[in-house]
Amino acid sequence: MVSARSASVTPGSLAPSDFPWIIEHKEERCTLCGQCTAVCPKGAIHLAHMRKRIPQLEVFSKKRGNDYKTFTGLRQATDPAKSCIGCGMCSMVCPNDAIGPVPGTGENRTVFFDNRKGEPLKRGGRRNVSGPTLLDRIVFNRISMLTDPALDAGRHEFTTTTTLGRILSPEDFLERTINGGWIPPTREIFPFIIGSMSFGALSPNMWLGLLQGVAYCNEVLGIPVVMCTGEGGCPPWVLRSPYLKYIILQIASGYFGWDEIIRAIPEMQCDPAAIEIKYGQGAKPGDGGLLMWFKVSKLIARLRGVPEGVDLPSPPVHQTLYSIEESVMKMIQTLSTAFTHKVPVYPKISASTSAKSVLNNLVRNPYAAGLLIDGIDGGTGAAYNVSMDATGHPIASCIRDCYLDLAAQGKQNEIPIFAAGGIGKNGNVAQNGMALMMLGASGVHIGKYIMQAAAGCLGNEKNRCNVCNVGICPKGITSQNPKLYRRLDPDKVAERVADVFMSINTEMKKIMAPLGRSQSLPVGMSDAIGIGDKAAAERLQIDYVC
Amino acid sequence: MTITVVKGLDENGQRINSMEFEKLVRKASASATNIVLDTYGQHNIGIRLQKEDGLSITVRGPSGQRLGCMGMPGTSILCEGATSDDVGYLNIGAEITVLGDATNGACNAMANGKVFIGGSIGARGLTMTKWNPQHEKPELWVLGSTGDSFAEFNCGGTAVVCGIDAKNPDNILGYRPCVGMVGGLIYFRGKIDNSFPKTSAKVAEPSDKHWQWLQENISDFLSKIRRDDLLKTLSIRDEWHVLLPITPQERALMFSGPMPMAEFRNNHWIKSLGGDPLRDLAPGLDRSVIDTIVTGDLRRKKPYWANAEAAAPCTYYCPVHIPTVDRLRLIREGKIDEAYEMLLHYTPLPASVCGAVCPNLCMENCSRQGVDDSIDVQILGRSVNHHKAPTIAESLDRKVAVIGGGPAGMNVAWQLALAGIEAHIFEQDEMIGGKLAQVIPWERLSQAIWDQEIQRFLETPNISTSLGFEMSKEKFVELQNEYDYIVIAVGTHAPKTIPFPGHEKVLPALDFLKRAKSNTPIPVGKEVVIIGAGNVGCDVACEAYRLGAKKVTLVDIQKPLAFGKEKEAAEGLGATFQWPVVTDKITDEGLWTKDGELLPAQTVIISIGDVPSLSFLPETVETINVGGADWITTDKAHVTSDAKVLAVGDVERPGLATHALGAGKTAAEYIIADCKGFEWQPFAKEVIPQKALTITHYLPTETGNTEASQADRCLSCGSCRDCHLCETICPTGAISRRELVFDTIAGYHTEHGENYEYISDDQKCIACGFCADTCPCGIWTMTPF
């Protein structure tokens, strides 16, 4: 006999097929080496012992009764807290190709239980909306065929830099040059910027690997790449190094690490590339930064000047700023002054229907060095799911509106607009970036693409992995646990950063050459792009092509 | 030797166009091997001209574009002045000598033949050259320098650039030569700007073979361009360098940048930062790279052998916390006497209580139910009936008065006696055992078993009894003076009644049961109604049937609370339950309900519980009034508001006999600890979660009716059964079993004397958790660290 056992069922009881990722285990291939369960970041799989009953049912045999046979297999947990995230680390370590996650084909019923204890789902990653983006669909349709000088991307020299900083009108520039007035600082930088990912959101090995790669790009490859710190401060010895010139220091409402930055000012060997004032973030507009307690290690706590192991939310607004005017005046002027007006200072806002008002304020502010607008497809280390998936404004039309507004004022060459949020979301980083530049951006910030390309981030738009918030990143990119981040070799990250920027540089030339353009970026060159979507073409004021 | 001259101007002095001129040249070459062309800027001179025994063309006038274009082997062309663009374009074998300069595009796509330039060349020389292995490699010799973009996509061409009278002596190869160069070789003499792409070409010194080739061929070049005087100048090996292509294979081995990252890190990164950039924030932080599958301190979890750290459900749910799981292990190990003795250390009444009257809370929670049925613990209890009492510990020279000799008081006395403390029981009745002795029908508790256990109890040293002892306030004070501690275990012996009309006709259950078990039972009528349908009511019903009743009805105002053996016994005899019934009055006819119904009865018994009678209690002992009666309040150790007075059993709150035994044991343990000067520790183990066990290792079987069959069926929850499954499943061989040698491990103590442990080698374990997933007993746990 077998005991009559009954599983109790609760509202949250789920079957394995209800999960977003389903573990497939091929028992006949498995050697029970234990590596999959050892590596699984979620504890989603375990060794299960099962028992079979084999009743003796041969009708002509006198023998009756049951035989029992036990067997083993790897099974997935059906507790939503341990649900498989599809990272595939199990299949990466499996020596026998015996295990791996496959996307669940049924409905993902765990979403109904993501709000246990009354707290809605928070996660890291990106907006879980997959498929080609609008940027992916833009084509470069103005090709110089025997008309303009034929340019060869492989042979000709191209200027692939952009200007970060306020450019004076010729009259103004002459007047100030002659009379000794202040000339706002500018930087000639590579237009693909590593966007703000904090020391804290990223692991030390990832963050330093990126910076090492950026330094290599500048000093060995001659590609003037810069990266933004994000809102987590900057290690003091980096502040005192010559690499500071490749760093955009971010200041945001949490003010993490700024005491160390100010302390380092007298000892800085060079100026930072720029100062970014964060007012908003595309992934979670209207919500502040968030570093969950899992990631506030001793090191991070020390750099940020906070207690260890606490949640670190930054308020959605700066506590001492109450209006656009005040934000622009107070913050930009203070930070410009801090670096003796030699460092460009610009704000970062979430893409929004109100972006133009901010831009117009900046146009009138002599200290503003640009505007960075972050669209809905931006990524983040931690945010509420609803903010990430459903809040925000796509980047393309926001950039376009702002650029056309500047053009209408004749100011389009004076204050640069930078775009962020979903550039390279599907891997087409140079194409997406160049499309945005032709729509009017002077450059783009890339975050997720860099994590994926330089460090092998496993996340995708189909809710794969996306656990950056809880510090269990299996690649060690966003973890503060040395047992995880030591998996990541900073040298290899740096090499991949160099690879990435070398190829972006080449792809930019491959896009610029057919335009017959080699000596300046085609910023706002919207006659060179088209899209096979009439409504989008109309909205963006570009060619409809079919 | 015939020399044919072809003029580039017609008789009118007009330029002949290139198409007509080509026809004239072609015609001339049909009959002559030496042709002189007085050109006037005609293009494509020498195109597709070939003679079997060779053809020599001298170009005297201004040359047009593409001189020697598509030149054939055996044809030689001498241009006495400078030439225009694309000299030697697609040349496949002609020898072309230009005494002056050549402009852009020299030797573009040349596949064979030689081009000698006595001056310099313009941009994009030697681009797209080819080399067909069935023919010699094409050669370009330049006395001066080259323009920009030299040798782009060069595949086969050998070039020699001598740097004599260079257009730009600081850079004789122009800007960015060798882009996309995949083959060929460039000799050069003089300065270059190193702007060639480092992933396409590399500069080297000429090898001996290179130098020999140059030496062998340079004099021919110099003589062709009529500069034999320079031979010595151009024969200084140190002044010559070569540019060699980088093969894709070589390129694949290079880091895609021109400097290996390790070199950058060591020579630039670390130097500029002055060391590790985090040395101040996190001194000594090790960030070196580790594998994904790790051992030792790099694991995120590690296995822990938590043997006997959690309680099995049997132990946890038993009010006395009798470790049945250990008893069964001792039986499996053949240590039957030890198993019995261990049980007797927990209770003096294993056969009577565990084996008979207890509803066995232990087995209600037995994990074996997940496989088939729970362990039959009554078999185990009964088998201890005849076992002798354990040996008494050395005397502690203390005395304790125990008021009341029921199961609670008995276990206090028993535990104290075994620990070497004298216990004196003061019992009101004429026998000890309390309600077990007084009211439980012999059907449920066999007299033989009972008498045996009472005898064992009374024969135990350190236990003495005073029967028929009436307690009073004064006597209590006397006992306080005489004894170190007083334990009140008087139970509940005042029956509860309800003052409805005719209540004086109603018999309390307690009195009825006590008398039923005596030699003078109270007679009952044919029809009996029992008010209160709990388990005591069921006992009453059974006794009523035994004493002659024909129809017994149990009534209750709520759903009857009776359960288990008592209920089954009553129903077996024919008793019926009726509810909800509210009693209106009792008459001689029977019980009238509030609904006006008559339940005929000659005997009505009320069984709604008993309460303590505490008239002897001093004021120092606090009580609480619940349900109209006073109950003694105690702490976890059963100590009352008077530190030397304890209270156990029903006098605190009504419960099972097992609860009384458990309270008695705890109170005794407190007294023992207090006497010995230790801090008393309550039972604090957590129950092992069901999911920690792996019960699928066990196959369903019949329950069996021997101690051995129960021992074999035990899942050994939370207690290692030494099955070696962990050792077997561990994929890295990290787990092993180790015998413990007590003598050498100072102070080591394992519960119940296991002499082994399982350990996991940190240097082998990868923290897969298979041990925890496999352990049948739930011993191995994975702890994060």
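Tutor: Let us begin with helix α4 (residues 170-179) of chain A, which is hardly covered, since the count of buried residues among its ten residues is zero. Here a residue is buried if 20 or more other C-beta atoms lie within 10 Å of its own, exposed if 12 or fewer, and partly exposed in between, with C-beta atoms placed from the backbone. Helices (H or I, at least four residues) and strands (E, at least two) are DSSP runs, numbered from the N terminus.

Student: What follows α4(A)?
Tutor: A:G180 comes after α4(A), and its phi is positive, near 75°.

Student: Before we go on, how should I read the numbering and the model?
Tutor: This is a predicted model, in which local features need pLDDT of at least 70 and side-chain atom pairs count only at pLDDT 80 or more, while totals for chains, interfaces and linings use all residues. Residues are numbered from 1 along each chain as its sequence is written, and chains are lettered from A and ligands numbered from 1 in the order in which they are written.

Student: Is A:D97 buried or exposed?
Tutor: A:D97 is exposed, with 10 other C-beta atoms within 10 Å.

Student: And B:C107, buried or exposed?
Tutor: B:C107 counts as buried, with 34 C-beta neighbours inside 10 Å. B:C107 also has a positive phi, about 65°, although it is not a glycine, and its loop runs between β5 (92-98) and β6 (112-117) of chain B. As background, most residues other than glycine have a negative phi, and most peptide bonds are trans.

Student: Which peptide bond is cis, then?
Tutor: The bond from B:W579 to B:P580 is cis, with omega near -5°, and B:P580 lies in the loop between β21 (576-578) and β22 of chain B.

Student: What does β22 of chain B pair with?
Tutor: Strand β22 (residues 583-587) of chain B pairs with strand β23 (residues 590-593) of chain B in the antiparallel sense over four bridges, where two strands pair if DSSP finds at least two bridges between them. A hairpin joins β22(B) to β23(B) through two residues, and the bridge partner of B:K585 in β23(B) is B:W592.

Student: How well covered is β20 of chain B?
Tutor: Strand β20 (residues 551-555) of chain B is mostly covered, as four of its five residues are buried. Strand β19 (residues 527-531) of chain B pairs with β20(B) in the parallel sense over five bridges, and B:I530 has B:L554 as its bridge partner in β20(B).

Student: Switching to the whole of chain B, why call it spread out?
Tutor: The radius of gyration of chain B is 57 Å, well over the 28 Å that the globule rule gives for 785 residues, so chain B is more spread out than a compact globule. That radius is taken over C-alpha atoms, and the globule rule is 2.2 Å times the number of residues to the power 0.38. Along its principal axes the C-alpha trace of chain B spans about 165 × 65 × 50 Å, and buried residues make up 47% of its 785 residues.

Student: How many residues of chain A are in contact with chain B?
Tutor: There are 51 residues of chain A in contact with 50 residues of chain B, where contact means that the C-beta atoms, placed from the backbone, lie within 7 Å. On the chain A side the largest share, nine residues, comes from α5(A).

Student: And the largest nonpolar core, which residues have the most contacts inside it?
Tutor: That core has 310 residues, and those with the most contacts inside it are A:I373, A:I399, A:L436 and B:V487. A nonpolar core is a set of buried Ala, Val, Leu, Ile, Met, Phe, Trp, Tyr and Cys residues joined through C-beta atoms within 7 Å. The largest share of this core, twelve residues, comes from α16(A).

Terms used:
Two residues are in contact if their C-beta atoms, placed from the backbone, lie within 7 Å.
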